[in-house]
Amino acid sequence: MERMSDDPTRVQEFFSARAAGWDARFPDDGPAYAASVAALGLRPGGRVLDAGCGTGRALAPLRAAVGPSGAVLGADLTPAMLDAAVGAGRDREGQLLLTDVSRLPLRAGVLDAVFGAGLISHLPHPAENLRELARVVRPDGVLALFHPIGRAALAARQGRQITPEDLRAEPNLRPLLARSGWRMTSYVDEDSRFLALAVRAS
Ligand SMILES: C[S@@+](CC[C@H](N)C(=O)[O-])C[C@H]1O[C@@H](n2cnc3c(N)ncnc32)[C@H](O)[C@@H]1O
């Protein structure tokens, strides 16, 4: 079965149609983003990528974590989502890159961490794409895969059932990360948030 994530153009069309109203749909998510960014353990001067940053909802807490001497990058392949980020002034918090996270224009090992909110289910080749994220992170750097709603609550909102094949189910995600250069260190899937943390294997 073909999935939307197999075709970047369909991903762009899907999110272009939703970009203008994206933030208004989820007005209460700010504290969950801030708490999940805190779990990355970033320090002043750190370097972090928000992969699939969309309208940039995580950029302010990421900037607060690394301070003015740090580097915050936001990468997304949908121009309309980045336009909305600029419209909200979030380009002041980090540098926005119009790019596919499966081919990042970054040198190996330059980052301390990657934050990906609502990203993983859109990746066409999850193992390969997560490996690309590992490539740009230093050994012992950190990955956070976050969603401001848990899997069961999201499925209910979308009127579907969770299937055992769900990539984000712990028995699937742990080996997927291990195959991609990451070691999962923590996993939380509750109604109010999904957060999996992993460390870049050395
Ligand atoms: C569910 S939205 C989440 C946006 C944002 N992270 C947030 O939490 O509000 C997923 C975002 O990932 C982007 N995206 C999907 N696949 C991508 C890829 N391969 N490379 C870069 N961005 C991608 C989409 O354009 C969209 O903006």
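The buried residues of H4 pack against helix H3 (30-38), strand E1 (47-51), strand E2 (71-76), E3 and E4, where buried means under 20% relative accessible area, exposed over 50% and partly exposed in between (1.4 Å probe, protein chains only). Helices (H or I, at least four residues) and strands (E, at least two) are DSSP runs, numbered from the N terminus. Contact means heavy atoms within 4.5 Å. In helix H4 (residues 59-66) the buried positions are Leu-59, Pro-61, Leu-62, Arg-63 and Val-66, and the helix is followed by Gly-67, whose phi is positive, near 70°.

This is a predicted model, in which local features need pLDDT of at least 70 and side-chain atom pairs count only at pLDDT 80 or more, whereas totals for chains, interfaces and linings use all residues. Residues are numbered from 1 along each chain as its sequence is written, and side-chain values use heavy atoms, with hydrogens and water left out.

**Ligand surroundings**

The ligand is surrounded by 18 residues, of which the closest are Tyr-33, Gly-52, Asp-76, Thr-78 and Val-101; a residue is near a molecule if one of its heavy atoms lies within 4 Å of it. This shell divides into 9 nonpolar, 6 polar and 3 charged residues, with Ala, Val, Leu, Ile, Met, Phe, Trp, Tyr, Cys and Pro counted as nonpolar, Asp, Glu, Lys and Arg as charged, and the others, Gly among them, as polar.

| Residue | Protein atom | Ligand atom | Distance |
|---|---|---|---|
| Asp-76 | side-chain N or O | oxygen | 2.6 Å |
| Val-101 | polar backbone atom | nitrogen | 2.9 Å |
| Ala-117 | backbone N or O | nitrogen | 2.9 Å |

The protein covers 96% of the 590 Å² of accessible area that the ligand has on its own, areas being computed by the Shrake-Rupley method with a 1.4 Å probe.

**The chain as a whole**

The protein chain has 8 helices and 7 strands. Its radius of gyration is 16 Å, close to the 17 Å that the globule rule gives for 202 residues, so the chain is as compact as a globular protein of that length; the radius is taken over C-alpha atoms, and the rule is 2.2 Å times the number of residues to the power 0.38. Along the principal axes, the C-alpha trace spans about 45 × 40 × 30 Å. Of the 202 residues, 50% count as buried, and among contacts between residues at least 6 apart in sequence, 66% join residues at least 24 apart.

**Single residues**

Leu-106 sits in the loop between strand E3 (95-98) and strand E4 (111-117), yet it is buried, with a relative accessible area of 17%. Leaving aside neighbours within four places in sequence, Leu-106 is in contact with Leu-73, Leu-111, Arg-135 and Val-136. Asn-129, which lies in helix H6 (residues 126-135), also counts as buried, at 2% relative accessibility; with neighbours within four places again left aside, Asn-129 is in contact with Ser-102, Leu-123 and Pro-124.

Which residue other than glycine has a positive phi, near 75°? That residue is Asp-140, placed in strand E5 (residues 137-147) and partly exposed, with a relative accessible area of 48%.

Technical notes
Polar contact = N/O pair within 3.5 Å; in protein donor to acceptor, adjacent residues only side chain to side chain.
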